[in-house]
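The sequence and structure are shown first.

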Amino acid sequence: MYLIDSDGKQYLDFGSGISVNALGHADPEVTAAVAEQIAQLSHVCNLYHSAPQADLAEMLCNLSFADKVFFTNSGAEAVEAAIKFARKYGQTVYGPGKTEVVAFTGAFHGRTMGALALTAREKYQAPFRPLMPGARIARFNDIEAAQKLIGPETCAVIIEPVQGEGGIHAADPEFLATLRDLCDRFDALLVFDEIQSGMGRTGKLWAYQHYGIEPDIMTVAKALGAGLPIGAALMTDEVASAMHPGEHGSTFAGGPVVCRAAQVVLQRVSQPGFLAHVTAMGELLREQIEEIHSPHITDVRGVGLMTGVQLDIDAAPIIAKGFEHGVILLNAGADVLRLLPPLIAQENHIREFTSTLQTIFSEIMA
Ligand SMILES: Cc1ncc(COP(=O)(O)O)c(C=O)c1O
């Protein structure tokens with residue numbers, strides 16, 4: 001739960017490297033699995049499967065809606081894969097012209113050219129135009145806006161069930177249900193980007209399980225590799241059937257070592273007891289933050305250990321004070337504190353954190 005800097009100062013980590021270190025730092029089981037795997041086989045080219053890769057794919061399918069998995073090295077690459085698979089599927093099954101991808105305001109899907117086109121933020125997009133054509137952006141949680149943009153030319157609709165970078169905003173159940181209906185009506189694929197919200201972060205293995213709505217493709221990354229770079233696009237057999245060997249690929253993706261690490265994480269975070277712990281700790285964290293009663297805290301929201309603290313001031317000075325007081329904090333936008341502790345956080349860590357946050361808010365007021 002702690003990081004130690006080069007001067008020996010200790011920090012309680014409430015950022016997890018942006019939702020990555022679900023098992024904290026230096027987990028002994030991950031370390032042992034990686035060491036054992038690298039001593040045996042570190043790489044084979046993507047003309048072959050390896051046992052760690054096949055086993056991980058099987059675990060992911062058993063634990064989700066999916067039938068097939070394509071591995072990547074990062075989240076953005078998983079989104080790129082999803083875009084390519086959706087375009088290939090749309091054009092193969094329904095003909096040319098079915099190429100548009102609908103995404104939402106506040107979303108973050110990554111910084112590669114396809115993912116960037118679906119991440120509608122001027123600061124991120126402006127220097128890199130022209131972007132991938134066919135991206136359409138509707139207002140998040142606005143049913144009418146989605147109805148206007150989703151149509152016969154839509155091959156996919158991509159959404160984070162709980163927006164992370166956008167400030168910890170959960171999709172309304174009715175909104176997600178409408179997207180599922182619109183996708184079915186217009187033969188478009190529904191893509192859930194669970195790169196930040198997945199892997200147990202919300203107290204369910206996948207955030208979509210809170211809604212009882214399944215996607216056709218899901219992107220996963222971040223916590224999957226326990227700090228090693230891995231992403232994945234999970235999909236149904238129907239979607240996979242449009243893709244053939246050689247149409248997409250990656251040299252390093254799904255290597256034996258990262259897949260072995262991911263097996264350990266997935267095995268641990270998918271245990272019902274582990275997920276119940278995430279739910280309980282998330283509730284405790286939000287309760288304790290409410291107790292701070294700072295006039296600068298205007299909303300505390302979230303699910304599981306994915307919490308946003310809405311401020312009426314900039315988050316930056318609070319984060320800087322966090323460093324002074326030995327806690328690592330993140331922001332999401334200018335005025336939201338984003339709390340993403342490792343999922344192994346115990347009650348004493350939550351209490352240590354909120355007591356430090358209380359001190360920070362008192363100092364801000366002084
Ligand atoms: C929801 C979501 N999608 C995609 C990405 C991009 O992942 P990566 O940084 O691994 O490319 C992120 C990263 O923050 C994310 O939170």
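Helix α4 gives three residues to the lining of the second largest cavity, which is the largest share of that lining. This is a predicted model, and the elements that contribute two or more residues to the lining of the second largest cavity are α4 (75–94) and β6 (154–159). The residues around the second largest cavity are Val79, Ala82, Ile83, Val101, Leu118, Ala156, Ile158 and Val191, and by class eight are nonpolar, with no polar and no charged residues.

The structure holds two cavities of 30 Å³ or more. The largest cavity is lined by His43, Val44, Cys45, Asn46, Tyr48, Ser50, Gln53, Thr251, Phe252, Ala253, Gly254 and Gly255, a set that comprises five nonpolar, seven polar and no charged residues.

| Cavity | Volume |
|---|---|
| Largest cavity | about 60 Å³ |
| Second largest cavity | about 30 Å³ |

A separate topic is strand β11. Because five of the five residues of β11 (residues 231–235) are buried, this strand is largely enclosed by the rest of the structure. Both of its faces are covered, with Gly231, Ala233 and Met235 buried on one side and Ala232 and Leu234 buried on the other.

Strand β11 also has pairing partners. Strand β3 (residues 68–72) pairs with β11 in the antiparallel sense over five bridges, and here phenylalanine 71 stands opposite alanine 232 of β11. Strand β10 (residues 217–220) likewise runs antiparallel to β11 and is joined to it by four bridges, with isoleucine 217 standing opposite methionine 235 of β11.

Technical notes: Residues numbered from 1 in each chain as written. Predicted model: local features only at pLDDT ≥ 70, side-chain atom pairs only at ≥ 80, totals over all residues. Heavy atoms only, no water. Buried < 20%, exposed > 50% of the residue type's maximum accessible area, 1.4 Å probe, protein only. Pairing = 2+ DSSP bridges. 1 Å grid on protein atoms, 1.4 Å probe; cavity = no way out; pocket = protein on both sides within 12 Å on 5 of 7 lines; lining within 4 Å. Points joined across faces, edges and corners; volume = space filled by probe spheres on them. Nonpolar A, V, L, I, M, F, W, Y, C, P; charged D, E, K, R; others polar.
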